[in-house]
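Please read the following walk through the model with the sequence and the coordinates open side by side. The paragraphs move from surface charge to ring contacts, then to the backbone, the salt bridges and some distances along the chain.

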Amino acid sequence: MTAAPDAPTGSPPGMLPAPAAERGRLAVAAVVVLVVAVLGALALRTTPLGAVLDADGCTVLAGERDVHPPEVVREAAARVHEVVGGGTAAVATTCRLLDTTPPTGLGAPDPAADPAAWEVGVDAEVEGVDALPAAAEAVLGTVTAGPGAWRLDVHDAARTLAVVLTPGGDADLAVDALAVRRVPGVAEVWFGPEAGRVVVAGGDAVADALTAVAGRDLPVTTVEALDHWLEVSQVHPGAWPDAEAVALAVDVAAWEGVWRVVLRGGEPASPDLTVRVEDDAHRSHVASRLASVLRAGPPLGYHVTTDGGALDGVLGGPVDAGPDAPGTGAPDASGQAAPVQTPACTADGLRLEVAAVDAALGARFLVLRATWTGASSCVLSGVPTLAFTRQSGTRTPDVTQLPDLVAPDVPPQDVLEPGAAALAQARWRAMSTSQDPDVAVGVTVRAVTDGPAVDLVPPVTLDVLPGATVEVGPWRLDEGLLDPDG
């Protein structure tokens, strides 16, 4: 039978002629080879420093050099890998050439041939933090003295607990690290031979973390709070800034405009507080608020900084400002002589009252008076703290209080004789009551830090509404400018 005149005479439908099929197979093979080559190149590029996996399981790090560690180095790495890896941890070992410079000159010795030129790194990972001390013991028990250096890291899988061990040492560092990690609020712990780091969830956990670290044989350590960029660090092992300074640092970290606080100190170093703020306006306000803080502890130097500069000051401690300094018997800002070691005025000896309420050019003023009722003189300093109560009987919300001081000015040290008084002025911008008639009818005053809050009733209502900013000045000696009867 003959084929129909229009029937195809080539290969069956769907099949390439023989030469074309061969070319297709070759093309596929070429693509496979190319893919393998690319993947191989990527693997080499992603291997640290051109690392090569040694036959003994030690990842070799030698830069661009194609060398292998001496046998004694490979044996040491393999021994740790075998012994520790069979216990509570998964272990990875590296052999790193410390000097990757190739030999120069004919017959020059190759540094790679010297075991002392290599460092064996041991990375032991445990499943949970409780297994860390046992893994540390296993690593230290396997490491032996000999040629070359060691770097020993033990950590949990999430790296919330990690220690860097010292060859020839003990596992006490791991035990202490685990104890600190178990403290409520502690999120991460890292300790090495010369430094340590403890991360807590919030500022309220800083004090507990410091208590957990205190008394342990640990390196210089820093405690950091995650909710605010707050750091409290040692200068010398075993000593921390005093508790009052720590509490102040935690408080300052929550102030408006503050984005980083660093407190350093500990015997014999004096505590030092650095506050980083957003802009120059916040720098002035924060410095003023700090200057108004009453501190009973040792001198605390502070620095409020922006890119534009810093405002510095010192809180608390003995005054050493020369013969004219208050408290040395010389006249103070009021013109009176301050007796040596005059005690601070206590809240229970101060009678508080509203001295005056005034208005001018869109501003409102509230003047407070504090009269000393004690039997002997005292020193009154600082800025009172205010809160306002509305006609509805509730606190006025969202009121911001700022110190009415121009940094780096500090509140005066006013000496009050029995029966003498000091004044403090609060001011704010007039606010419209047409949309919110719930004006303030009371003011609560805390005259000194840690003193009781006293409720006062002004003679008129105050247009201090939600969102108000009230600037409060420091206590200053009442020189009779106001009528004592208001």
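This is a predicted model: local features need pLDDT of at least 70, side-chain atom pairs count only at pLDDT 80 or more; totals for chains, interfaces and linings use all residues.

A residue counts as buried when its relative accessible area is under 20%, as exposed when that area is over 50%, and as partly exposed in between.

The partners are Trp229 and Trp259, and because their planes stand at 50°, with the ring centres 5.6 Å apart, the pair is classed as tilted. Trp229 sits in the loop that runs between β9 (220-225) and β10 (230-234), while Trp259 belongs to strand β11 (residues 258-266), so the contact ties together parts of the chain that are 30 residues apart in sequence. With a relative accessibility of 45%, Trp229 counts as partly exposed, and Trp259, at 38%, is likewise placed in the partly exposed class.

Arg159, a residue other than glycine, has a positive phi near 55°, and it lies in the loop between β5 (149-156) and β6 (161-165). Its relative accessible area of 48% is the reason why Arg159 is called partly exposed. Asp398, which is not a glycine either, has a positive phi of about 55°; this aspartate is placed in the loop between β18 (385-390) and β19 (400-403). Asp398 has a relative accessibility of 63%, and therefore counts as exposed.

How many salt bridges does the structure hold? There are 18 salt bridges in the model, and among them is the one between Asp307 and Arg276, whose closest N and O atoms are 2.2 Å apart. Asp307 is located in the loop between β13 (300-306) and β14 (309-315), whereas Arg276 is in strand β12, so this bridge ties together parts that are 31 residues apart in sequence. Asp307 counts as exposed because its relative accessibility is 74%, while Arg276, at 22%, counts as partly exposed.

Another salt bridge joins the side chains of Asp478 and Arg369, with a distance of 3.3 Å from N to O. Here Asp478 belongs to the segment after β25 (476-477) and Arg369 to strand β16 (residues 363-372), so the parts tied together by the pair are 109 residues apart in sequence. Arg369 has a relative accessibility of 4% and so counts as buried.

A further bridge is formed by Arg390 and Asp438, for which the closest N and O atoms are 3.6 Å apart. This pair, too, links distant parts of the chain, with Arg390 in strand β18 and Asp438 in the loop between β21 (421-429) and β22 (440-446), the separation being 48 residues. Are these two residues, Arg390 and Asp438, buried or exposed? Both of them are buried. Elsewhere, salt bridges link Glu188, Arg197 and Glu224 in a network.

Val443 has its place in strand β22, and it is called buried because its relative accessible area is 1%. Val443 and Val454 are 11 residues apart along the chain, and their C-alpha atoms are separated by 8.3 Å. Ser432, by contrast, lies in the loop between β21 and β22, and its relative accessibility of 52% means that Ser432 counts as exposed. The distance in space from Ser432 to Leu465, C-alpha to C-alpha, is 8.5 Å, and in sequence the two are 33 residues apart.

Conventions. Residues are numbered from 1 along each chain as its sequence is written. Side-chain values use heavy atoms; hydrogens and water are left out. Rings of Phe, Tyr and Trp (its six-membered ring) pair if their centres lie within 6.5 Å; planes under 30 degrees apart count as stacked, over 60 as edge-to-face and the rest as tilted. Helices (H or I, at least four residues) and strands (E, at least two) are DSSP runs, numbered from the N terminus. Buried means under 20% relative accessible area, exposed over 50%, partly exposed in between (1.4 Å probe, protein chains only). A salt bridge is a side-chain nitrogen of Lys or Arg within 4 Å of a carboxyl oxygen of Asp or Glu.
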